[in-house]
Amino acid sequence: MDMPEYYRQRATYYERVYHKPERQSDLRAMEACLPGPFAGRRVLEVACGTGWWTRHGARDCTHWLATDLNPNTMDVACNKAMPAGRVEFATVDAYTFDGLGQRSFDGAFSGCWWSHIPLERLASWLELLHARLEPGARVVMLDNSYVEASSTPLSRRDAQGNTYQNRTLDDGKVHEVLKNFPTCDEAFAALGARARNPEWIAYEHYWVLNYQLA
Ligand SMILES: C[S@@+](CC[C@H](N)C(=O)[O-])C[C@H]1O[C@@H](n2cnc3c(N)ncnc32)[C@H](O)[C@@H]1O
């Protein structure tokens, strides 16, 4: 089963990960910091899933286009209260951005997506994203840190250095999912020539990366 299909099957109970007690203080702090960087901006959200971050990031924006390959995860998002009149959803493949037409943005956000990008695709994916963004655009990415007592254990590492987890869905079937846990230095090194003044905030269970495009 591929990654999109895994998340399609998990859509209705995906948000259990956001109810883990040990993650609550990190989540509240990250949610509170999300609107600021996007105030007054036109933002592209990549792989929005069930829209956990969407309603926080979009609070003070001008417009927010939340995209995902899976209509099923976005169905959950569409049933949530979002900042009025500002949030639009679209089915878009993050590896092509086909369907965005000529639209460009001065902000981009992605939650828990970076970790699923194979290392050998990361630089080209960031270039593809940056090509959609105007000079001066603000980019924020956040994702999980590996925490022994809370994260699903890593099952293997491949020749490219990607790490994997075996995850069990509610039907009992086990799926292998690529999940990388970059360090700050690794993430900064991947960003490419247009990234300016990158900042990395390390929470206990998550990291947040924030930078501006030249
Ligand atoms: C870990 S979830 C993150 C969801 C949400 N951003 C969050 O942080 O809660 C990963 C998401 O990536 C989506 N996805 C998988 N492959 C994709 C692709 N090629 N293009 C766009 N979205 C994709 C899945 O449907 C899923 O919603």
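1. A nitrogen atom of the ligand lies 3.0 Å from a polar side-chain atom of aspartate 93; a polar contact here is a pair of N or O atoms within 3.5 Å. The protein covers 98% of the 600 Å² of accessible area that the ligand has on its own (Shrake-Rupley method, 1.4 Å probe).

2. The model is predicted: local features need pLDDT of at least 70 and side-chain atom pairs pLDDT 80 or more, whereas totals for chains, interfaces and linings use all residues. Residues are numbered from 1 along each chain as its sequence is written, and side-chain values use heavy atoms, without hydrogens and water.

3. Two further polar contacts involve the ligand. Aspartate 68 places a side-chain N or O atom 2.7 Å from a ligand oxygen atom, while a polar backbone atom of leucine 69 is 3.2 Å from a ligand nitrogen atom.

4. The ligand is surrounded by 21 residues (a heavy atom within 4 Å), and Tyr18, Ala47, Asp68, Ala94 and Gly111 are the closest. By class, 14 are nonpolar, five polar and two charged, with Gly counted as polar and Tyr as nonpolar. Helix α1 (residues 3–10) supplies the largest share, three residues (helices are DSSP runs, H or I, of at least four residues).

5. Glutamate 5 and arginine 8 form a salt bridge at 2.8 Å, N to O (Lys or Arg side-chain nitrogen within 4 Å of an Asp or Glu carboxyl oxygen). Because these two residues are three apart in helix α1, about one helical turn separates glutamate 5 from arginine 8. The count comes to 11 salt bridges.

Technical notes: A polar contact is a pair of N or O atoms within 3.5 Å; within protein, one must be able to donate a hydrogen and the other to accept it, and residues adjacent in sequence count only if both atoms are side-chain atoms.
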